[in-house]
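This report describes the contact between two chains, followed by selected local features.

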Amino acid sequence: MPETLIFYALSGLAIGASALVIGQRNPMYSVLMLIASFGALAGLYIQLDAPFAAVAQIIIYAGAIMVLFLFVVMLLNAPTEDGAEWDRSHPLRQPAVARFGGMLALLLVVQLAWALLRAGGLSGPVAGQGDVAVVSSVRELGRVLFTDYVFAFEATSILILVAMVGAVVLARREGDRP
Amino acid sequence: MIPLSHYLIVSAVLFAIGTAGVFLRRNLITILLSIEIMLNAVNLTFIAFGRQHGSLDGQIIVFFVMTVAAAEAAVGLAIVIGLYRHRESLNPDTFASLKW
């Protein structure tokens, strides 16, 4: 069952790399680990017959967004997070609060797993209905994107324009006159 | 064949890791990275369900989520740069001027 093995390898890589993203204090390594996690997720998308999403994941996420993050980490010469930086004067800033946050995350995963186990009809193989040729077709995807979802597509373009202008305005130095 | 629930469990674990990162880390850049992990967990759910129902809508929503994530990263990182210029720190506890 190579398919099952590939699934477990990729999901293990994704989960392990994501755990390392939040598991250590150097933001540089966090960004690199997140790129590895995105690569593994792209492999999972290919397994789910979504090649367009996989390629977009690599190009947009690992290629563009993560390079933006890397650029900022290097630009700010981001300091390694210091464990002694905790301000211990305020009760709300004790590490116990952080442990509470970890507990909440653990509770979330238990709750989600419980909900998944309770819900029926999810245990069947994932390639349930539909034609693989239709689902994985980029041509069909483009047709649907530019007909049924054309309004959302245009709204997204405006969103990106606004984000671009906003980023330029926010990152401008105080004294600069445009 | 891999059951749908396996994909959903992977997605749930990734989402929980992202949540834990937002709670636990004390670095604005790592917090933004955790948000990206959560967005990706949701993307995996969309694609798995879309495959299950033989529908393209999941992949289209993932496309929109990616563009929104790009916009969010651009604006968020611009805010981080601005904050760093003011306080020379990336610790979110430093930016507590609005707290009583």
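The contact takes 75 residues from chain A and 63 residues from chain B, two residues being in contact if their C-beta atoms, placed from the backbone, lie within 7 Å. This is a predicted model, in which local features need pLDDT of at least 70 and side-chain atom pairs count only at pLDDT 80 or more, whereas totals for chains, interfaces and linings use all residues. Residues are numbered from 1 along each chain as its sequence is written, and chains are lettered from A and ligands numbered from 1 in the order in which they are written.

Among the helices that each supply at least two residues of the side of chain A that touches chain B are α1 (2-23), α2 and α3 (51-76); helices (H or I, at least four residues) are DSSP runs, numbered from the N terminus. The largest share of this side, 12 residues, comes from α3(A).

In chain B, B:Gly21 lies in helix α1 (residues 4-24). B:Gly21 counts as buried because it has 27 C-beta neighbours inside 10 Å, the cut-off for buried being 20 or more other C-beta atoms within 10 Å. Leaving aside neighbours within four places in sequence, B:Gly21 is in contact with residues including A:Val21, A:Ile22 and B:Ser34.

Just after α2(A), A:Asp49 takes a positive phi of about 60°.

Methods. Buried ≥ 20, exposed ≤ 12 C-beta atoms within 10 Å, placed from the backbone.
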